[in-house]
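Let's take a walk through this model together.

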Amino acid sequence: MKILVTVKEVAEVEDEFEISGGDIAEQYLEYDLNEWDDYAVEEAVQISEAEDDVEVVTATIGPERSEETIRMALAKGADRAIRVWDDDIESTGKLDVDTKAELLAGVVEEEDPDLVLTGVQAGDESNGATGVTLAEKIGFEWAAVVNQLDLDIEGGVANVHRELEGGVEELTEVESPAVLTIQSGINEPRYASLRGIRQAQSKPLDVQTLDDVGLSADDLESPLAQTDMYEPESEGDATVWSGDAEETAGQLAEFLRDKGVVEG
Amino acid sequence: MTDVLAVTEHRRGELRDVSLEMVTAGRDLADQTGGDLHLAVISGDVDDYAEQVNREGVDAIHTVEYGEEFNHDVYTQAIEQLYAEVDPQYLLAPNSVNGMDYAPAVAEGLSLPLVTDAVDLAADDGLTVTREQYGGKVETTIDVEEDHAAVTIRPAEWPQAEGDGDAAIEAFDADIDESQIQSTVTGFEEVAGGDVDISEADFLVSIGRGIDEEENLPLIEALVEATDATLSSSRPIVDNGWLPANRQVGQSGKVVTPDVYIAIGISGAVQHVAGMKGADTIVAINTDPNAPIWDLADYGIEDDLFEVVPALIEEFGGDVPDV
């Protein structure tokens, strides 16, 4: 059995930042493995540890820089990795959901996995739609926002819990092959061990171009254009207590006593 | 083809609030395109739901009677067929957990550009969608350079529609191919209630990512003890297994309405805010002056929680643990 896990390198923004040229200036960004994908990788690795003959392959759309993130997923136990990138993708800039799903569909066609795991969303763009779009493109069944997964490989069914709003979970049987978008909290992602990090260096990481995944530059055209980015105007009018910690704590304590929520 | 088709949502026999927010967002958009607002009501007691969403500004309601609960394979087929029938310009769905489960598939099936989690919509010369990125630190505007589009809208962002409507309610005879239904909902489960009901508490001390490590938890517990507060948290704390699920405030956790809510090291992501914005007084303790929590806070301390919390414990005569 083969599990494909999509792994995205996401940009995280520092507390203080500036916007220039329609995006957050590069010096305020740090790159990391997308939090939700970390859970998806862990889920796949746990399946590979529990079952015989399971290969875990990661798929990433990203520049060379993202190999650091990919190696992290390999260090946590994925077997090999695919990174899709070339000059045409580079010059396109941000890709929309449809394009990302199209590129990943090309990888799926090549790899023919039995199960695809993605994060529910990426921490930077937060579209929350790539996994389900991919499922529809490749003709797989799917389930979004999965926070429990019990795979019945023989029966060809994934028994999942979908995390709905308000502390309610939906129990669903999903026929294989399927794309499952994985919610944070489904497991406890491991830290990469030193041994894992060493081994990751020698695991295969295959770079593929648009052509390799059966697409051309025309496929990158998007009907969506980001026209502006700005910091939302603060709606807040909080009274901010000033002074050192003792002074501010004193003011908060006085406030709590006045409110009557704390005695003493 | 200037019309708007909006999909309503229900669960376990009850219409969800977001359905009435869809009416407001959909009416507003249809006013800008100069078209009609159509609603889709799919599965369950459709006539009852249709009655409830028949508010002022709705022009037509289409019901699809098939099954009881949400199933994305039914929704996807029903919406695609209804879209062909109504021929709207824009399709709206909620950016709820279920909306995320069918909207991308419908957009793909209908070859529509999809923009998710909209917080504002404008249609003067084509559609412009406003949405957040980077955890709410920035907003972006997205222009849709095609005539048609699908958009999911953020729950609780638009007010619920009021006033009785007089839209015609029509049954739509969708042709659901059962062989395409490859998911089966077998039941629902409530997250364990546990020993404490945070939604009943008057005074909540709530912690988030800013606590950094589980080893720092005793510091907050000491504050809770000294002030006789109830302890709650944002999602990451529960995801990490540092607190049980019944302590989680937010969209997927509990909605709380205490007299005082102290958010310690909580940035205030939208999913968290959904659970605590009804608090009477919100106090933030956070080092990041740009954190979205400041949009809601009535009072705050812009300082390190590891400085402020020990001082606060001492104010109330508690013992500060070594962390």
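How far apart do the C-alpha centres of domain 1 of chain B and domain 2 of chain B lie? In this predicted model, the distance between those two centres is 34 Å. Chain B is divided so that domain 1 covers residues 4–180, while domain 2 covers 198–315. Where the domains touch, five residues of domain 1 of chain B are in contact with six residues of domain 2 of chain B. On the domain 1 side of that contact you will find one nonpolar, two polar and two charged residues.

Now let's bring in chain A. Between the chains, 68 residues of chain A are in contact with 71 residues of chain B. The most comes from α7(A), with 10 residues. Sorted by class, the side of chain A that touches chain B has 31 nonpolar, 18 polar and 19 charged residues.

Which strand of chain B does β15(A) join? The partner is β17(B): three bridges link the two strands, which run parallel. To find the spot on screen, look for A:Thr239, which stands opposite B:Tyr299 in β17(B).

From here you can follow the strands onward. β17 (residues 299–301) of chain B also pairs with β16 (residues 281–285) of chain B, in the parallel sense and over three bridges. Here B:Ala284 has B:Gly300 in β17(B) as its bridge partner. Put together, these strands belong to an open sheet of six strands, in the order β15(A)-β17(B)-β16(B)-β15(B)-β13(B)-β14(B), with parallel pairing. At its edges are β15 (239–241) of chain A and β14 (230–233) of chain B, each of which pairs on one side only. From one strand to the next, the twist averages 25°.

One last stop is on chain A, at an annotated stretch. The unreviewed UniProt entry places the feature "domain: Electron transfer flavoprotein alpha/beta-subunit N-terminal" at residues 21–217 of chain A. In the model, the end C-alpha atoms of residues 21–217 of chain A lie 24 Å apart, and the span is 31% helix and 30% strand.

Notes: Residues are numbered from 1 along each chain as its sequence is written. Chains are lettered from A and ligands numbered from 1 in the order in which they are written. This is a predicted model: local features need pLDDT of at least 70, side-chain atom pairs count only at pLDDT 80 or more; totals for chains, interfaces and linings use all residues. Two strands pair if DSSP finds at least two bridges between them. Helices (H or I, at least four residues) and strands (E, at least two) are DSSP runs, numbered from the N terminus. Axes are lines fitted to C-alpha atoms, for helices over the stretch in contact, and angles run from 0 to 180 degrees between N-to-C directions. UniProt positions are given in the numbering used here, feature names are shortened, and annotations may be inferred rather than shown by experiment. Two residues are in contact if their C-beta atoms, placed from the backbone, lie within 7 Å. Ala, Val, Leu, Ile, Met, Phe, Trp, Tyr, Cys and Pro count as nonpolar, Asp, Glu, Lys and Arg as charged, and the others, Gly among them, as polar. Domain bounds come from an automatic or database domain assignment.
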